[in-house]
Amino acid sequence: ELPGDFLADSVVVEKSERRLTLYYRGVAVRKYRVALGRNPVGDKVSIGDYRTPEGVYWIIGRNPFSKFYKSLEISYPDSAHEARAARLGVNPGGNIMIHGLPPHQAKLGASHVLVDWTEGCIALTNVEIDEMWRAVELGAIIHIKP
């Protein structure tokens, strides 16, 4: 089997464990260590809070030319996050991705996870996002847990 020669139909992120697991038909096929938003505890409320959202979403976009190497877009905000932001009078934010490393950080490789450094996204190494990119199709479900 080639590296990355597998499929995944769902994704689970456990924020407290800094772990992203790919599943195919209910079976875990890959686990990755991830970096999160710089303010990682708690659900995303508004743009600029540096939190990674929690909840159930879908992969809704793929950008092969991301400034973070490659990115998979998550369907945040959902209606509940939009409603809460409206009640609070804030912008819920968006543009939440699973992505690789920008050119100036790529040399860090796996050590990038030692610090939560994103604005709310979920970061992998470029080798890992390449694997995930091949395995995961648009529409895959992603459950981001606290």
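D43 and R84 form a salt bridge in which the closest N and O atoms are 3.4 Å apart, a salt bridge being a side-chain nitrogen of Lys or Arg within 4 Å of a carboxyl oxygen of Asp or Glu. This pair links distant parts of the chain, with D43 in the loop between β3 (27-33) and β4 (55-63) and R84 in helix α1 (residues 79-88), 41 residues apart; helices (H or I, at least four residues) and strands (E, at least two) are DSSP runs, numbered from the N terminus. D43 counts as buried at 18% relative accessibility, whereas R84 is partly exposed at 24%, where buried means under 20% relative accessible area, exposed over 50% and partly exposed in between (1.4 Å probe, protein chains only).

The model is a predicted one, in which local features need pLDDT of at least 70 and side-chain atom pairs count only at pLDDT 80 or more, while totals for chains, interfaces and linings use all residues. Residues are numbered from 1 along each chain as its sequence is written, and side-chain values use heavy atoms, with hydrogens and water left out.

By the salt-bridge rule the count comes to seven. One of them joins D116 to R18, with the closest N and O atoms 2.7 Å apart. Because D116 lies in the loop between β6 (97-99) and β7 (122-123) and R18 in the loop between β1 (8-14) and β2 (19-24), this pair ties together parts that are 98 residues apart in sequence. D116 counts as buried, at 16% relative accessibility.

The side chains of K70 and D130 also meet in a salt bridge, at 2.6 Å from N to O. K70 lies in the loop between β4 and β5 (71-74) and D130 in helix α2 (residues 126-135), so the pair ties together parts that are 60 residues apart in sequence. K70 is buried, with a relative accessible area of 17%, and D130 likewise counts as buried at 17%.

S71 lies in strand β5 and is buried, with a relative accessible area of 3%. Leaving aside residues up to four places away in sequence, S71 touches G61, R62, N63, S66, M97, I98, H99 and W133, contact meaning heavy atoms within 4.5 Å.

Rolling a probe the size of a water molecule over the atoms shows where empty space is left. The lining of the largest pocket divides into seven nonpolar, ten polar and four charged residues, with Ala, Val, Leu, Ile, Met, Phe, Trp, Tyr, Cys and Pro counted as nonpolar, Asp, Glu, Lys and Arg as charged, and the others, Gly among them, as polar.
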